[in-house]
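Please read the following report alongside the sequence and the model. It takes up aromatic pairs and then a helix contact.

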Amino acid sequence: MSVTPSSAVVADNTVSGVMRSPRLLARETLAGVITALALIPEVISFSVIAGVDPKVSLIASVVLCLAMSVLGGRPAMVTAAAGSVALVIGPMVHQHGVGYILPAVILAGLIQILFGVTGMARLMRFIPSAVMTGFVNALGILIFFAQVPHFWSKSPLIWGLFALTLLIVLWAPRFIKSVPAPLIAIVLLTVFTVTTGQILPTVGDEGSMSGGLPGLTQLRVPLNLDTLTIIWPCALSIAFVGLMESLLTAKLVDDLTVTPSNKNRESAGLGIANICAGFYGGIAGCAMIGQTIVNVEMGKGRSRVSTFAAGVVLLLLVTALSEVMAKIPMSVLAGIMVIVAVKTFSWHSIQPSTLSTLPVTETLVMLVTVGATVSTDNLAIGVVAGVLAMGLFPRVIRSKKRATEETASPAQEK
């Protein structure tokens, strides 16, 4: 059953509505702060996958976050340099060099703009609900296992910080409503480790945290047919993987907030934002579901103000506050992201009562989507596998049923 949001609620979540309310402005700003902090470790790790300097991905994430807070079709959805895009850029960079990223990103952006302008983004609504559930569950699993190296087989102190983070994030909201619990955990535990002189793995250990801003990305390769031959497979992958992840995440946020989004605007906006990020930053991106969950669920962000605030805070952290950001313990951020993973996973989908009432084909499609996504670390492959399975399984079941009936018929005649 669909629920229609009241016009008052929707009005409150507009930029003008938020700016007129000190309470809402504080909520959206604080949501942006914790979202920016949650972006840092993943963006840095994705830069390693893509074969670029961490600063490149961080600056590109600032550009993407700020641009999509204005251009995007889904308020409160966080866009940054994402792992799915890094996975398709990496092979091209390792084979041909970083110089080909800029033309590939520009071509991908143009494809995404075309996708939005022609209205093709609406095709995403035909993705089955079982595939969507598999997509969400796979993301929860991937987010969780990405955090395991930051606390597993580590010292008791790291385990202690990890456990304290979980306790603060889970229990603080019962007593403190005005400040997001993840922000409390990050500030308190970072201050503790710095003042006590504890030597622990920090954000600074993940990559260069030098301050300052880079200049415009220079075009280092000729724009000719040879370059097009090299970049077009990567550009197509960037475009479609980015669109798929962004539009599926937008649909998820629609359901979580019971508010609509403009998928065509999201597609065109993503294309423009990626071109901007290519010229100033150097790499493409798309929606990041883990950080979006941080913003929407943990920070209660509902408007474009929250994502704009996230972009501004990330810019400050990367430049003026880079030394402060470098001191945040990785185990604390890992604890926050583990809770995000648990919140992302659809536990209802694996309850016995749900499994007993759903058609077996939907459960199988969900499992295929999860299996394909987790085994390849590629959300696009998982979604395509799920859609194909949805078309295949009913045919297999019908053919088996027909074979059973044909086998039973001679026996009945006898």
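## Aromatic pairs

Across the whole structure, a search finds 7 aromatic pairs, where rings of Phe, Tyr and Trp (its six-membered ring) pair if their centres lie within 6.5 Å, and planes under 30 degrees apart count as stacked, over 60 as edge-to-face and the rest as tilted. Among them, Phe144 and Phe145 are edge-to-face, at 5.2 Å centre to centre and 85 degrees between the planes. Phe151 and Phe162 are instead stacked, with 4.0 Å centre to centre and 20 degrees between the planes. Because Phe151 lies in the loop between α7 and α8 (156–171) and Phe162 in helix α8, this pair ties together parts that are 11 residues apart in sequence; helices are DSSP runs (H or I, at least four residues), numbered from the N terminus.

## Basis of the model

This is a predicted model, in which local features need pLDDT of at least 70 and side-chain atom pairs count only at pLDDT 80 or more, while totals for chains, interfaces and linings use all residues. Residues are numbered from 1 along each chain as its sequence is written, and side-chain values use heavy atoms, with hydrogens and water left out.

## Helix contact

The axes of helix α7 (residues 129–147) and helix α10 (residues 225–257) come within 11 Å and cross at roughly 100 degrees, the axes being lines fitted to C-alpha atoms over the stretch in contact, with angles from 0 to 180 degrees between N-to-C directions. The contact (heavy atoms within 4.5 Å) is made by Met132, Phe135 and Val136 of α7 together with Glu245, Leu248, Thr249, Lys251 and Leu252 of α10.

Definitions and conventions
Helices (H or I, at least four residues) and strands (E, at least two) are DSSP runs, numbered from the N terminus.
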